[in-house]
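These notebook entries record what I looked up in one structure. The sequence and coordinates come first, and my entries follow.

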Amino acid sequence: MLRWIRQQLGFDPPHQSDTRTVYVANRFPQHGHYIPQRFADNRIISSKYTIWNFVPKNLFEQFRRIANFYFLIIFLVQLMIDTPTSPVTSGLPLFFVITVTAIKQGYEDWLRHKADNEVNGAPVFVVRSGSLVQTRSKNIRVGDIVRVAKDETFPADLVLLSSDRSEGTCHITTASLDGETNLKTHFSVAETAVCQSVSQLETLQAVVECQQPEADLYRFVGRITVTHHGEDVVRPLGPENLLLRGARLKNTKEIFGVAVYTGMESKMALNYKCKSQKRSAVEKSMNTFLIIYLVILLVEAVLSTILKYAWQAEDKWDEPFYNQKTDQEKNSSPILKFISDFLAFLVLYNFIIPISLYVTVEMQKFLGSFFIGWDLDLYHEESDQKAQVNTSDLNEELGQVEYVFTDKTGTLTENEMQFRECSINGIKYREVNGKLVPEGRTDDSPDGSMANLDGEELLFLKAVSLCHTVQISYDQPDCLSGAGDPFSHVNGFSSNEMEYYAASPDEKALVEAAKRIGVTFSGIRGDTMEIKTFGKAEKYKLLHVLEFDANRRRMSVILESPSGGKVLFTKGAESAVLPFATSGEIEKTRIHVDEFALRGLRTLVVACRHFSPQEYIEVDRHLNSARTALQQREERLQQAFGYVEKNLQVLGATGVEDKLQDKVQETIESLRLAGIKVWVLTGDKHETAVSVSLSCGHFHRTMNILELLQQRSDNECAEQLRRLARRIKEDHVIQHGLVVDGASLSLALREHEKLFMEVCKNCSAVLCCRMAPLQKAKGSSRLFQLLAFPGVGSGALTALSVAAGIMGKEGRQAVRNSDYAIARFRFLAKLLLVHGHFYYIRIATLVQYFFYKNVCFITPQFLYQFFCLFSQQTLYDSVYLTLYNICFTSLPILVYSLFEQLVHPHVLQTKPVLYRDISRNALLSFRTFLYWTALGFCHAFVFFFGSYTLMGEDTTLMGNGQILRANRQLMFGNWTFGTLVFTVMVITVTLKLALETHFWTWMNHFVTWGSIAFYFIFSLFYGGIIW
């Protein structure tokens, strides 16, 4: 218990070292000095509260809000001193607001508890004491060997020990983690792959050493030491050996894995940590207005207190005959009396601060968010996806967008690749009817000539067919799971029944193109890859895979050819391959790559390197040494990859087309007319990115394109930025576009932020090319701080003001991190121009109307003090004080804020320029705030003095608030006067909202006229019968 308390306070972190040691099946060393490490259990806890801490924790969170805390103070003051109004008048509205919010949050947390219990109670099979034991998921411990069957999800992060396949591989999908539906192959080490039964696993002696838990789904560093016949065999472990919790086993009968990360330490749990709270511009304005009204309240209270004492300076008013002072009052301290009177006035006027504003705004945001999901114009029929709202707190921010930051692939484009052209040995080819045809030649060759490709062309196609991480799926479901030769399926089935799956759509397009031309990738079995060259089978032994990473921007495989030679095939961005090439048609390939890019094609360069036996021994040693390192493995691998991927021979390049989504051009043009500046961030090379920008309307032909490219030093970058700034001032061009590459952007943001942002703000479109994913994340985060702009796409969305993810084919990470998710880029126009416009107008009016109606409510109370010697006599009955904001005036504004449409949606979409009218928080400016406040004061003066004039002398008071005239007892006293003021006020503020309403529904009519009718019916019963 003490350890747990220390951990919660941060004094005793659970992990003392950088690595953890996991003994497979929890077979700890037998010597007495070993102390087992303590790990988290396998329970998932997504809930915020427990049954014990719900009340204190929820109350603490709610009273952090300035309005709630303020009303709590007022309530406590009413309890402690003699105040003019009952504590119920403040306590009941506060209790209502706190209770409604607590019920909402409690219900949401109950749903989370329910989901947690379902996950934690799921049945799992664990190997214990030589047999399979069924237990609950929450009982899995680090070190347990877990059995997972086909189509089941992994209950913890497991290192794969073995599968039903002899080579120990399995296929999984990670759709629930990153949205990628393709099959991924994971591997076990050879020494554990043979342990396919429970009895064999019982004899396994192995120790896993790995890093402590971290959130990165694609990073895992570890090693496994297997004791085999008395000898320790060490094997490296990487992401390809780790099965993540939440992923699902496919096309594999069963696997056994050892749990290394459990419960809240699993990568899935670490990725679902709460995001930092984003605050909208409206909420910031609301808090500013609250502070201003707090100042008005204090001024009124101080003024009333001073005037009271000024009035009481005369003896006849200090102690009138009808209100003699007690001894205690005569002897009390003047300072205490002043404070007591000040607090009493504070209580009397406290309703100028609208307590129900927060709860109404929360209800408006929560209920209003459903309209986005219900909008059929944002529904994509082909993929059966509707718009998602992941947070309702930022609805109105959709109407305040000034900058849109968007990724290109999968956001502006379909992420569906089609092979178009290639360059082989300095000659350009295009594909025509399944044949490679050199540029300038027509397809008039006989069919048999396909097989007459020369050596370079054949080597290029083999490189494309072998250098990838593509998986194959067959129509027959169990074809991959059984033993036997997987390549035999290619012979038995027609080629149409074989389907390729790849993490990268570029890879899939290239392998499919090679297959059409005649070099077919047939599959991989263990460490053997097979291709068919025009029907003739060739088997290559896969020795090493040098995985793609964002820094190198290339991937490689080292293979042993059928003749026994060792060869490296590499493919990657031209800037990542050509600098390391020493032979082949380097310059011609570079020219062809630039030509492909100008046509908007995505380009890759393919190269190879042949190793001598001595060279390969050295290469193998470097790679194995780096892979088994526990410390600084990434750095050592980068060095090893750099050592291997050099002295390359260029084979050629490929050009793949990524089709634009529908109506991208129209959407970008609408955004531009609305005053929204679009930034596109892409990893493509400069020419490809500019070509796509021109084709999608991001750049257009009349635009003056400025370039900030290939800047090598701070001075060079600063000089270029100054030149661009001068050009913008001197060129009398309406619109400018800026192209900047990743390296130059990093330099500009590091040293010349102000100058760079000055240039950017004068450009209507900015294109950032050659951006690595990490650069996109860091760059967008910094740009957000400088510009505070919303974002769209698959980049670093958590840092942005309001983020919209596109549900594309590139994975769902963007959707998970976004506030809003839409299926297509074209839906962004309606999301911003229509929904954003409506939400902003509704909530801006809601906030200002609330302040207006409370000024109307409390100003007569202040004016009344001038007529009652500042005796703190209340004008309204306490029941009216309590119910004014809760019942009489609450529903019309809530319904207005859900349904109001100032302009028809079709007009907003066809005239995007209307969006500019609400930009920069225009409807919540200080000017409009003063208008609503002044209007409230004016109306309050009319209510009060109008009623006063109307009643004339009938406000003369008797002791009981009644007067006698002509032998008739009349009810014209202070309560009658207050009720008259209150009645006029309720009718006026309700009708004021009716005048503001442009879009009437049956619900608007019902709550508007119903609220007035309810007030009169209530007053009849309360004033005429109960009172």
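**Entry 1: positive phi**

I located Asn425 in the loop between β16 (413-424) and β17. Helices (H or I, at least four residues) and strands (E, at least two) are DSSP runs, numbered from the N terminus. The model is predicted, so I note that local features need pLDDT of at least 70, that side-chain atom pairs count only at pLDDT 80 or more, and that totals for chains, interfaces and linings use all residues. Residues are numbered from 1 along each chain as its sequence is written, and side-chain values use heavy atoms, with hydrogens and water left out.

Asn425 has a positive phi of about 55 degrees although it is not a glycine. I found Asn425 partly exposed, with a relative accessible area of 32%; buried means under 20% relative accessible area, exposed over 50%, and partly exposed in between (1.4 Å probe, protein chains only).

I also looked up Ala25, which is not a glycine and has a positive phi of about 65 degrees. Ala25 sits in the loop between β1 (19-23) and α2 (54-62). At 27% relative accessibility, Ala25 is partly exposed.

**Entry 2: the open sheet**

In which order do the six strands of the open sheet lie? I read the order as β3-β2-β4-β13-β5-β11, with antiparallel pairing. Two strands pair if DSSP finds at least two bridges between them. At the edges I found β3 (131-136) and β11 (242-243), each of which pairs on one side only. Strand β2 (residues 123-128) runs antiparallel to β3 and is joined to β3 by six bridges. Val127 stands opposite Leu132 in β3.

**Entry 3: nonpolar cores**

I then turned to the nonpolar cores, each a set of buried Ala, Val, Leu, Ile, Met, Phe, Trp, Tyr and Cys residues joined through side-chain atoms within 4.5 Å. The largest has 74 residues, and those with the most contacts inside it are Ile353, Val847, Phe857, Tyr876, Phe982 and Met985. Helix α29 (residues 827-864) supplies the largest share of this core, 17 residues. A second, separate core has 39 residues, including Leu461, Tyr500, Ala502 and Ile517.

I listed the contacts (heavy atoms within 4.5 Å) of Val847. Not counting residues up to four places away in sequence, Val847 touches Val282, Met286, Phe289, Leu357 and Leu924.

**Entry 4: helix α3**

Helix α3 (residues 66-80) has 15 residues. I compared its span with the expected span, which is 1.5 Å times one less than its number of residues. Helix α3 reaches 21 Å from its first C-alpha to its last, close to the 21 Å expected. Its buried residues are Ala67, Asn68, Tyr70, Phe71, Ile74, Val77 and Gln78. I found these buried residues packed against α2, α4 (88-120), α9 (281-311), α12 (334-349) and α13 (356-368).

**Entry 5: cysteines**

How many disulfides does the structure hold? I found zero, counting a pair of cysteine sulfur atoms within 2.5 Å as a disulfide. The sulfur of Cys938 is 9.5 Å from the closest cysteine sulfur, in Cys856, which is too far for a bond. Cys938 is partly exposed, with a relative accessible area of 47%. Cys195, at a relative accessible area of 8%, is buried.

**Entry 6: salt bridges**

My search of the whole structure gave 35 salt bridges, each a side-chain nitrogen of Lys or Arg within 4 Å of a carboxyl oxygen of Asp or Glu.

The side chains of Lys428 and Glu595 meet in one of them (2.4 Å, N to O). Lys428 lies in strand β17 (residues 427-432) and Glu595 in helix α19 (residues 586-598), so this pair ties together parts that are 167 residues apart in sequence. Lys428 is buried, with a relative accessible area of 8%, whereas Glu595 is partly exposed at 27%.

Arg602 and Asp506 also meet through their side chains (3.0 Å, N to O). Arg602 lies in strand β27 (residues 602-611) and Asp506 in helix α17 (residues 505-517), so the pair ties together parts that are 96 residues apart in sequence. I found both Arg602 and Asp506 buried.

Arg722 and Glu719 form a salt bridge at 3.8 Å, N to O. These two residues are three apart in helix α24 (residues 714-730), and about one helical turn separates Arg722 from Glu719. Arg722 is partly exposed at 40% relative accessibility, and Glu719 is partly exposed at 34%.

Finally, I noted that a network of salt bridges links Arg128, Arg141 and Asp144.
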